[in-house]
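Colleague: I would like a close look at a single part of this model. Please keep the answer plain and give the cut-offs.

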Amino acid sequence: MTQATQGANGGVRWVLLAGVWLIYFCFGMTVASIAPLVTPIGRDLGISNAVMGVILGAWPLVYIVAALPAGMLLDRIGVRAGLLLAALFMTLSLAARGLAQEPWQLLLAVGLFGIGGPMISIGAPKAIARLFPDAARGTAMGLYMTGPAFGGIWALSLTNSVLLPAAGGEWRLVFAMHAIVTLLSGAVWLALSALPAARTSGWDDEPGKKFDMPAFVEILRLTEVRLILLLAIGIFFFNHGLNNWLPEILRQKGFGATEAGWLASVPTAVGILGALVIPRLATPPRRILIMSGLLVAACAASLLLQAAHEGLLLPGLILQGIARSSLMTVAILLLLDSRGVPQDRLGLAGGLFFTVAEVGGVLGPLTFGVVSDFSGGFALPLAMLSLLCLVLLALIARLARH
C-alpha cells in the first residue's frame, strides 16, 4: 500500500470514489447520448449510416491522440485537476452538439469529447490505485464502473421517453440538458475533492515527474502488456461498435424509438450488476478465466442478436450486458498488475492502454456503419463481431500461456 493510500483511508476515500462515480456517470451519458437520437439527427442534418458511423467514431479518434498526453498530464497535475478538466471538456462537447447545423460541425463537437474522455478513463483507475489497497481495488473499480452504466441508461432509456418530449421534440435541447448535468458534476467533484480530509490525505500528491521515452519503452517492452493492448483493441471494437448501433439494430427489428431505447438499456442495467460482482471475483489467479467467460458471453450475444426469433433477443441483450460490464475493467486490472509497471507510472500505463484501445473504439462504430450500408442490414456486422470474439479468445489463451 502506498503512502497516499494509507493517508486516504476511512470515509474520505469513499467520498472521493462517489465523486469519481459521478464524473464517470456523465462519461457514460455522453458516450450514449447520440445513439437514441440517430434518426432525428440524421433526418435534420442529412446524415447516412456510413457518415453517422464516422461521426460516432470521431471522439475515439481524437482520444487516441489525446490519451498518452493526458496520462502524462495526470502524472504531473494529479487526478483532482484532471477530472475537473474532463468535466469541462464534456460539457463543451455536449453543448456544441446541440448547436451543430452541419454534419462536419457535429463531427467536431463529438471529437471534442475525445480530449476530456481519456482524463476520466485514465484518472479513475489511477485514483483507485492510490486510494484503495490491492484487496479492495477490484471492489472499488467495480463500483465506479457502474457510473457509466447508469449514465448510459439515462441516455438510452430516458431520451425518447422523457427528455425528448420534455424538450418539445427538439433533440438539440436534449444535448443542452446533458451539458447542464455534466457541468454540475464537475462542480460537485470540485467541492468533494476540496474537503479538508481529502486535501490533507496526500492521495493526489504527485512527484512532478516528467515524461521520458525510456519509461514509455520500458512499459511497452513487456510481452504481457503488448498482449493486453491487443486484447483491449478488440474489446473496444466490440463495445463501441455494438453499443452505438444497438438502438438502430432494434429499430430495424420493428421496435419503435421509445421501445428500442428501453430495450437498448437492458445490457446497461445488467451491466450494473455485473460491474458490482465480476471485478470483485476477478482476483489475480482467476482473471484469465473470467476474461475468457466474458468473451464467450460477448460471442453468444452477437450471435443471438442476429436471430430472427424475438424470444432470443432478451437473452442476447442480457449476455451483452454481462460482457460489456467488465471486459474493460478486467483488462485494466490485468495491466495494473503487470510485472514491471511501477506505481508512479500508472498514469502513463493507463494512457498507453487507452491510446491503443481506442483504435478499436474508432474502427468499431465506423466499420459497423459502413458494413451495414454495404450489406443493407445488420446481420453481417453482427457476424463480424462474433468472429472477433473467437479471435480474442485465442489471444487470451496465448496470454494465459505467457
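Is Leu273 exposed or buried, and why?

Modeller: This is a predicted model, in which local features need pLDDT of at least 70, side-chain atom pairs count only at pLDDT 80 or more, and totals for chains, interfaces and linings use all residues. Residues are numbered from 1 along each chain as its sequence is written, and side-chain values use heavy atoms, with hydrogens and water left out.

Leu273 counts as exposed because its relative accessibility is 60%; exposed means over 50% relative accessible area, buried under 20%, and partly exposed in between (1.4 Å probe, protein chains only). Leu273 sits in helix 15, where a helix is a DSSP run of H or I with at least four residues, numbered from the N terminus.

For contrast, take Ser185, which is placed in helix 10 (residues 171-193). Ser185 counts as buried because its relative accessibility is 2%. Leaving aside residues up to four places away in sequence, Ser185 touches Leu22, Ile23, Cys26 and Ala87; contact means heavy atoms within 4.5 Å.

Back to Leu273: together with Trp14, Leu143, Leu276, Val277 and Leu281, Leu273 makes a nonpolar surface patch of about 530 Å². Patch residues have over 30% relative accessible area and no salt bridge, with nonpolar side chains (Val, Leu, Ile, Met, Phe, Trp, Tyr) joined within 5 Å and like charges within 9 Å. A salt bridge is a side-chain nitrogen of Lys or Arg within 4 Å of a carboxyl oxygen of Asp or Glu. Areas come from the Shrake-Rupley method with a 1.4 Å probe, and for residues only the protein chains shown count as cover. Helix 15 (residues 266-281) gives the largest share of the nonpolar patch, four residues.

Methods
Helices (H or I, at least four residues) and strands (E, at least two) are DSSP runs, numbered from the N terminus.
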